[in-house]
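Good morning, and thank you for coming.

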Amino acid sequence: MSTLIVIAKAPAPGRVKTRLQTEFTPREAAALARASLVDTLSAVQAAAASRRVVCLEGEPGRWLPRGFEVVEQRGDGLDERLAAAFEDAYDGTPMLLVGMDTPQLRPELLEVDWSGYDAVLGLTEDGGYWCLGLRTPDRRALVGVPMSTDHTGRDQLRRLRALGLRVGMLPTLRDMDTPRDAAYLAAEFPGLRVSRLYRRLQHAAHPGLLFDQALGGATRVVATGIDGRTVPSLSELERWAAPADEVDRLALSRCEGPVLDIGCGPGRIVTALAERGIPALGVDVSPRAISLTTSRGAAALHRPVQEPLPGEGRWGSVVLMDGNIGIGGDPVDLLRRCAELVRPDGLVLVEVDPDDDLDDTTPIVLRTPTGRRSTPLPWARVGTRALLRHARTTPLHPTEDWRTPHRAFLTLRRSA
């Protein structure tokens with residue numbers, strides 16, 4: 001029999017699983033960490049052992065089952081904390097220490113036959129290790145071993161052997177650090193608590209979260225209909241983040257200042273207007289979009305278009321580029337709001353779908369490469385003819401429509 005040690009952090013938002021936050025909120029990442037820890041503790045609880053110890057950073061919570069002793073982590077780096085964990089848990093029996101990142105481990109993996117071994121080691125696919133066992137504490141076995149690298153496992157094995165220890169190797173496992181790791185575990189081990197939670201979170205992401213993360217470069221997203229078919233015109237983040245192109249500048253040549261850019265995204269349109277000396281303000285519901293726009297030196301406001309905005313009724317032009325006529329899923333409602341924002345005889349510039357007859361108000365869904373998808377986002381896609389029909393019920397009348405090989409535009413004016 002041996003002592004089983006779990007070294008863990010209390011699963012508090014922002015303090016655990018930061019690499020999962022490329023696709024999950026800090027709260028969601030902490031929930032996944034908690035589920036992974038509970039799965040790990042369940043396996044440890046089911047394994048044969050003389051003692052079970054949690055070496056913890058933070059405070060214990062309801063996730064901690066009965067039968068576990070708790071000792072506080074001590075030491076500066078992870079190498080020192082691991083060495084101290086062995087020292088603090090030692091009672092004369094061999095010790096096996098595991099982390100909280102391999103929830104798929106089975107109780108039988110923890111029931112080590114120590115015959116002929118002074119130490120045991122289980123590597124992970126990313127170059128680390130998921131468990132380390134020692135017959136007796138020995139700081140020399142750990143202190144100074146580089147941690148959290150793609151060669152930590154190899155370095156740890158080399159250190160153990162350099163001390164003359166006989167090392168038994170356990171199976172290599174995959175730990176859960178990234179969204180792809182979580183997706184793998186959910187697919188291969190569907191019965192785990194962490195896998196069940198992952199599947200629930202996969203299908204319930206807030207669209208704004210995925211859009212913000214994509215703007216920040218943490219992941220990629222594509223927009224699809226609820227049928228799963230990609231909507232290319234709503235998946236062009238790279239173009240939106242680039243400087244305004246020739247077609248953008250042609251469209252903006254119609255604008256009369258000051259200009260309000262609704263759904264400004266990362267700010268290429270507001271920036272291009274400012275470079276022309278035209279006063280402009282961007283508005284967007286994405287905090288990351290506002291941050292990117294202001295970092296370009298342009299003005300932007302974090303606010304939905306339907307909430308009160310500066311200069312209502314005095315804007316020379318309102319622009320809805322990149323299909324932003326779809327915001328909210330109701331083109332008539334959005335056109336009426338634009339009519340409230342512009343001055344009498346003001347201009348509304350709309351980029352429409354190149355398909356003149358398209359009039360689709362079904363929601364869209366954002367999806368990531370790992371399969372995470374958002375809840376449906378109300379949106380509309382309309383072509384020129386459809387927009388003209390919608391405009392008839394508003395104070396706006398069409399003045400010009402034009403197109404390039406791949407994009408189409410329509411301008412309307414508010415009746416004086």
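Predicted model: local features only at pLDDT ≥ 70, side-chain atom pairs only at ≥ 80, totals over all residues.

Residues are numbered from 1 along each chain as its sequence is written, and side-chain values use heavy atoms, with hydrogens and water left out.

Let us begin with Gln202, which belongs to helix 5, residues 193–202. Helices are DSSP runs of H or I with at least four residues, strands are runs of E with at least two, and both are numbered from the N terminus. Is Gln202 buried or exposed? Gln202 is buried, at a relative accessible area of 6%. Buried means under 20%, exposed over 50%, and partly exposed in between, using a 1.4 Å probe and protein chains only. A polar atom of the Gln202 side chain lies 3.3 Å from the backbone oxygen of Thr370; for the backbone oxygen of Gly371, the distance to a polar atom of that side chain is also 3.3 Å.

Next, Asp355 sits in the loop between strand 13 (342–352) and strand 14 (359–360). Asp355 is partly exposed, with 41% relative accessibility.

Finally, the cysteines. How many disulfides are found in the whole structure? The search finds zero, a disulfide being a pair of cysteine sulfur atoms within 2.5 Å. For Cys131, the nearest cysteine sulfur is that of Cys55, 16 Å away. Cys131 is buried, at 1% relative accessibility. For Cys338, the nearest cysteine sulfur belongs to Cys255, 12 Å away.

Key:
Polar contact = N/O pair within 3.5 Å; in protein donor to acceptor, adjacent residues only side chain to side chain.
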